[in-house]
Amino acid sequence: MFAFGTAGYMSIEGWGVLDALWMVVITLTTIGYGEVHPLSPEGKAFTILLIVSGLGVGTYAGTQLTWAVLDGDLFQAYRKRQRRRMMRKLNNHQIVVGYGRLGRIVTRELTDAGHPVAIIERDPAVAEEVAAQGIPVILGDGADDDCLREVGIERAQGVAITAAPVAEAIFVTLSARQLNPEVPILTRVESDEAAVKARRAGATGVVSPHIMGGWRMAHGLTRPHTTTFLDLATLAEHDDIMLDEIEVQEASGLHESTLANLGGRYQHGVLIVAIRRRTGEMVVTPQASTQFFMGDVLIVIGEPARVRLLNKVMRGQISET
């Protein structure tokens, strides 16, 4: 409108650019400073046309803006940009695909334990529910490579695929494995056949809610005290005891050390119940003379503060002497 009006006054009245532009501005904004120069009849007719056109354009723009606000388009666009910024900041996070009953429990346990989590969910209403909790969420299909990239699959520490349909879970597993060959992937399955397919697709582990539920109920009946103890040690809601795994890293300088070398300072309040060798061998109830090597994983249980302290030792963040 400004360009049209400026060109019109220059052509009809023979004014310069500045005078013509000024006339357009005071006309369309209804400031009303008066005419720059006396207008000819043609100029007055053009001014009427300019005012009517300006009102029409302004009304249309206002209507569209109002509809955009009422429909939530602007708000949704703002929320989407916010979520993308949150996703770009994620690193060493856990990805949960599907926010159904199982996905909710997985997310709760991870967040309670202090792990950053991002969700992929295909149901818009559920995705909004997740976003309202402040958890980064992508609305889409977990098998879609673009969704996996947007949620930071390349930087993820782990992926939990909790989607119920077997075919969907396996497709998501395959896509995630292709985009990140190293990330641990746990996939929900409902049968032994599905477990085999999921592992072929790239799952590092499979979980059957029915098998796990059956195991928990059977052991709850036959070994109730042991089961209660394991609940205390593994559930994030219990903060007086922690069961954890700690990898021996090169920075610790403890390659080929023994458990006795750690000394009482770091073993006090912590029990090392097993060592998972890099070869996959599991050493149960290791002795003080048992050696551990870089890349081994110590399975420990104890007071949370002491477990975290030992973790720092194995990362080389604290000297063991």
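## Basis

In this predicted model, local features need pLDDT of at least 70 and side-chain atom pairs count only at pLDDT 80 or more, while totals for chains, interfaces and linings use all residues. Residues are numbered from 1 along each chain as its sequence is written, and side-chain values use heavy atoms, without hydrogens or water.

## Nonpolar patch

M1, F2, F4, L21, L49 and V57 form a nonpolar surface patch of about 510 Å². Helices α1 (2–13) and α3 (41–71) each give two or more residues to the patch. Patch residues have over 30% relative accessible area and no salt bridge, and nonpolar side chains are joined within 5 Å.

V57 lies in helix α3. V57 counts as partly exposed because its relative accessibility is 45% (buried is under 20%, exposed over 50%, partly exposed in between; 1.4 Å probe, protein chains only).

## E121

E121 sits in strand β2 (residues 117–121). E121 is buried but has no salt bridge (a side-chain nitrogen of Lys or Arg within 4 Å of a carboxyl oxygen of Asp or Glu). The nearest side chain of opposite charge is R122, 6.3 Å away.

Backbone nitrogens do meet the E121 side chain. That of Y99 lies 2.8 Å from one of its polar atoms. The backbone nitrogen of D123 is reached at 2.9 Å.

## S208

S208 lies in the loop between β6 (205–207) and α10 (209–222). Its relative accessible area is 8%, so S208 is buried. R188 is 20 residues away from S208 in sequence, yet their C-alpha atoms are 5.8 Å apart.

Notes
Patch = residues over 30% accessible without salt bridge, like charges linked within 9 Å, V, L, I, M, F, W, Y side chains within 5 Å. Areas by Shrake-Rupley, 256 points an atom, 1.4 Å probe, with all protein chains shown as cover. Helix = DSSP H or I, 4+ residues; strand = E, 2+ residues; numbered from the N terminus. Lys, Arg positive; Asp, Glu negative; His and termini not counted. Polar contact = N/O pair within 3.5 Å; in protein donor to acceptor, adjacent residues only side chain to side chain.
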